[in-house]
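Subject: Structure for you to look over

Dear colleague,

I am handing over the structure we spoke about, with the sequence alongside.

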Amino acid sequence: MGASECMLTPQKGTAAAADASEAYPLLPRHDLSPEDQLEVLRQLYLARYFDVRLIKEKKKGRLTGTLYSSHNQEAVLVGTLFGLRPDDWISPIHRDMPAFFMKDLRSGWDNPDRMGMTIEEVCAQVWGKADSPGRARDNWSHIGSKAKHIIHSTSMLAGTIPVAAGVAYADKLDGNENVVLTYNGEGSTAQGVFHEGINFAAVHKLPVITIIENNQWAYGTPANLEYPLEDFARRADGFGIPGFIADGQDVFDVYDKVMQAVEFARGGNGPSIVECKTFRAYGHGDHDDDRAAKYRPAAEVEQGRARDPIAVAKRYLVEAGVLSQKEADMHMAEGKGASQASDEDFPADVVAYLKRGVEFAIKSPLPAAEEGGMWVFREDGR
Ligand SMILES: Cc1ncc(C[n+]2csc(CCOP(=O)(O)OP(=O)(O)O)c2C)c(N)n1
Ligand SMILES: [Mg+2]
């Protein structure tokens, strides 16, 4: 079965269906207006530029700390987020840093009521400054926002799936139709808590969608040492829930499969898994780039980077007549690492948006040293 197809485990009391597209017709990508389709492309550029810009800032000595690149995995981020409603919940982890500011981006990049973090907040978090959600108390993705419906990220892989199940349960009791998307690397699917959390969601038919970002590597461990089968979506079989497979390089395929899962969940049918097949272009973090170049075969890396999600989306949009070839050729970020890419490879509004976040973060002060002992215990002394 090809990566662009999807499968459904037969459910109790429903007709057996080998392929989910029969039981749950696709909400086709063509439902997106041409403007929306172009916005999808713009968001791919934005996610890529976030990565490129942070690496450049670090090289210039204006930023310290470890960066966890989502280069080559941007279609997973944009494709999973684009069709969500503002009140839906997400639970991103280390590989999904752009998700914090890309949630509900469709409602307007500068919409003050947007249900996502601002670019300024996220950049301040990366720089460890006082204006960040974490106020420099922890690094990178270890943030969240109850108000924006973003579950706080932690280091414990798969650890937020039970939290997501709790959030979904609470919303269900309140009569809300929100779905909860959790992001997980394929490596985290071997964790006990992954299974306990999804099982609970399946038993209670909770609208929890588990995204598996199968980028083939968990630090230095290849996917075949995490799971004996090819498709991590088959993990769904053990819970009696649907397991969809998306081509993680094709943002519109990810969108389609996630929309199926969302429809399924909003229909009261419960959780599902969407495996997005992709490839980690660089090291686990930038501290691991040199080692990763040794522990991964060069041919595999070359092949894994060959289908750049920006190029795949452009080709689709040109063939669909939404983008002219001339427009597609205006910005050529695809296939370029941070050291080769320049600002001209990205739309000017994308560059300006990021620049605003970076400048805000650099100007933002460090938190006062006295804050170090605060908010560990209740501040009212009880
Ligand atoms: C429970 C747990 N075990 C180990 C780690 C250390 N660790 C952090 S990221 C990582 C690799 C994760 O791989 P994967 O889940 O495939 O996600 P990816 O980094 O590839 O996106 C490991 C082992 C951790 N954070 N939590
Ligand atoms: Mg992985």
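Predicted model: local features only at pLDDT ≥ 70, side-chain atom pairs only at ≥ 80, totals over all residues.

I begin with the helix pairs. Two packed helices are described by the angle between their axes and the distance between the axes. For helix α6 (residues 161-173) and helix α7 (residues 192-203), the axes come within 8 Å and cross at roughly 15 degrees; with angles under 35 degrees counting as roughly parallel, the two helices are therefore roughly parallel to each other. Their crossing is left-handed, and the residues that make the contact are I161, P162, A165 and Y169 on the α6 side and V193, F194, G197, I198, F200 and A201 on the α7 side. Sorted by class, this contact consists of nine nonpolar residues and one polar residue, with no charged residues.

The pair formed by α2 and α3 has axes that come within 9 Å and cross at roughly 135 degrees, and α2 and α3 are therefore oblique to each other. The crossing in this case is right-handed, with V40, Q43, L44, A47 and R48 of α2 meeting E74, A75 and V78 of α3. The residues of this contact divide into five nonpolar, one polar and two charged.

Is E39 buried or exposed? Its relative accessible area is 13%, and because buried means under 20%, E39 is buried. The side chain of E39 makes polar contacts with the side chain of R42, at 2.9 Å, and with the side chain of Q43, at 2.8 Å. If residues up to four places away in sequence are not counted, E39 touches F82, L105 and W109.

A202, which belongs to helix α7, is likewise a buried residue, with a relative accessible area of 16%. Which residues does A202 contact once its neighbours within four places in sequence are left aside? They are F239, I241 and P271. For orientation, the C-alpha atom of A202 is separated by 23 Å from that of K277, and these two residues are 75 apart along the chain.

Turning to helix α11 (residues 309-319), its buried residues are P309, I310, V312, A313, K314, Y316 and L317. The elements that cover them include α2 (34-59), α3 (74-81), α8 (251-266) and α12 (325-328). At the start of α11, a side-chain oxygen of D308 reaches to within 2.8 Å of the backbone nitrogen of I310, and the helix is followed by G321, which has a positive phi near 80 degrees.

The last points concern the backbone. Most residues other than glycine have a negative phi. In Q216, however, phi is positive, near 75 degrees; this residue lies in the loop between β3 (208-214) and β4 (217-218) and is partly exposed, with a relative accessible area of 27%. Y219 also has a positive phi, near 55 degrees, and is found in the loop between β4 and β5 (221-222); with a relative accessible area of 37%, Y219 is partly exposed.

Technical notes. Residues numbered from 1 in each chain as written. Chains lettered and ligands numbered in written order. Heavy atoms only, no water. Buried < 20%, exposed > 50% of the residue type's maximum accessible area, 1.4 Å probe, protein only. Helix = DSSP H or I, 4+ residues; strand = E, 2+ residues; numbered from the N terminus. Contact = heavy atoms within 4.5 Å. Polar contact = N/O pair within 3.5 Å; in protein donor to acceptor, adjacent residues only side chain to side chain. Axes fitted to C-alpha atoms, helices over the stretch in contact; angles between N-to-C directions. Parallel < 35°, antiparallel > 145°, perpendicular 65-115°, else oblique. Left-handed = near helix turned anticlockwise from the far one by under 90°. Nonpolar A, V, L, I, M, F, W, Y, C, P; charged D, E, K, R; others polar.
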